[in-house]
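Work through the exercises below with the sequence and the 3D view side by side. Try each task before reading its solution.

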Amino acid sequence: MQKIEVKVKDDGKKLTTFLTGVYPELKIGTVRKALRKKDIKVNGKRIAQDLAIRSGDVIEMYISDELLYGTKETAEIPTIYEDENIVIFNKPAELEVVGEHSLTQIADKNYKFIYPCHRIDRNTMGLVIFAKNEKTLKAIEEKFKRNEIEKHYVACCYGIPKKQDNLTAYLFKDRKKSLVYISDTPKTGYAQIKTSYREIESNLERKTTLLDVTLHTGRTHQIRAHLAHIGLPIIGDGKYGSYEINKRFKQKKQALCSYSITFNNMEKDLEYLNGKTISLKKIPFYDILRGE
């Protein structure tokens, strides 16, 4: 069972429109079938009609993960780099790093020991480092805590910003709503965040920009929320972005990718990784940027 709360920006949408926007792999026919079987609840009541939802409504769905997220458990996951201690996968969007029907569950079928050293959002595609033994896992996790592993993301945003910037703000995580909130000033319960970016390319006609983004703190949804906060919503982001913009660009998946990883200050058995950069061969989202 999946539970989701309707936000203000989704007020008045039809249930089928809302759900297929949140779950891009979910088919309208699947939602209608679930309605006929009364497998969907709104505010605790089973419904059989495609009604208009309201801000604050809580939707519960008794729909399998295979139908919500697609049959990713059988998909081939590209391996970008591998040695005796680590493997780096290129995770597709709409696939969790851990849990049921996750990247970890898929990888576990082929290794005696395999576990992620860090995570990226389900909706974010790109590079994830996995350790092939416990010693490596502990060592790389410690490097992430010390911000000694440099991660770069590519984001396609709506808006034309400065060529580059170093951003500082404060983030609060609402665990109940699975949302984060950004403040420009310190507040009780808010943690400081730092995000920097540089422009890769912009398109003035389409008002789109491709950014190389670096996290200097690793908070939940940091890139998505921080960029949206400064007026640069990531195209396709259904949580912090704009429904109207996503619809205009016909994007149901957020244009955010973990693109490059550089290892710094690696020690002992992992010293051979020191200074090594692993990147995807092709920068994504040029099609969105240019309208190709």
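**Exercise 1.** Find the partner of Asp121 in a salt bridge, and say which parts of the chain the pair links.

*Solution.* Start with the term: a salt bridge is a side-chain nitrogen of Lys or Arg within 4 Å of a carboxyl oxygen of Asp or Glu. Asp121 forms one with Arg224, and their closest N and O atoms are 3.2 Å apart. Asp121 sits in the loop between strand S7 (115-116) and strand S8 (125-131), while Arg224 belongs to helix H6 (residues 222-229). The pair links distant parts of the chain, 103 residues apart. Helices (H or I, at least four residues) and strands (E, at least two) are DSSP runs, numbered from the N terminus.

Now check exposure. Buried means under 20% relative accessible area, exposed over 50%, and partly exposed in between (1.4 Å probe, protein chains only). Asp121 has 22%, so it is partly exposed. Arg224 has 2%, so it is buried.

A note on the model: it is predicted, so local features need pLDDT of at least 70 and side-chain atom pairs count only at pLDDT 80 or more, whereas totals for chains, interfaces and linings use all residues. Residues are numbered from 1 along each chain as its sequence is written, and side-chain values use heavy atoms, with hydrogens and water left out.

**Exercise 2.** Which residue meets Lys135 in a salt bridge, and why does the pair tie together separate parts of the sequence?

*Solution.* The side chain of Lys135 meets that of Asp269, at 3.0 Å from N to O. Lys135 lies in helix H5 (residues 134-145), and Asp269 lies in the loop between strand S14 (256-263) and strand S15 (277-279), so the pair ties together parts that are 134 residues apart in sequence. Compare each residue with the cut-offs. Lys135, at 58% relative accessibility, is exposed. Asp269, at 48%, is partly exposed.

**Exercise 3.** How many salt bridges does a search of the whole structure find? Then examine the one between Glu142 and Arg146.

*Solution.* The search finds 18. In the Glu142 and Arg146 pair, the closest N and O atoms are 3.1 Å apart. Glu142 is partly exposed, because its relative accessible area is 32%. Arg146 is also partly exposed, at 48%. Elsewhere, salt bridges that share partners join Lys9, Asp10 and Lys13 into one network.

**Exercise 4.** Which strands pair with strand S13 (residues 208-215)?

*Solution.* Two strands pair if DSSP finds at least two bridges between them. Strand S9 (residues 149-158) runs antiparallel to S13, with seven bridges. S12 and S13 form a hairpin with four residues between them. In the turn, Lys207 has a positive phi of about 60°. Finally, count the cover: seven of the eight residues of S13 are buried.

**Exercise 5.** Which residues of helix H1 (residues 15-22) are buried, and what covers them?

*Solution.* The buried residues include Leu15, Thr16, Phe18, Leu19 and Thr20. Their cover includes strand S1 (2-5), helix H2 (28-36), strand S2 (40-42) and strand S4 (58-61). Contact here means heavy atoms within 4.5 Å.

**Exercise 6.** Is Ile106 buried or exposed?

*Solution.* Ile106 is in helix H4 (residues 103-107). At 11% relative accessibility, Ile106 is buried. Glu76 is 30 residues from Ile106 in sequence, and their C-alpha atoms are 9.0 Å apart.
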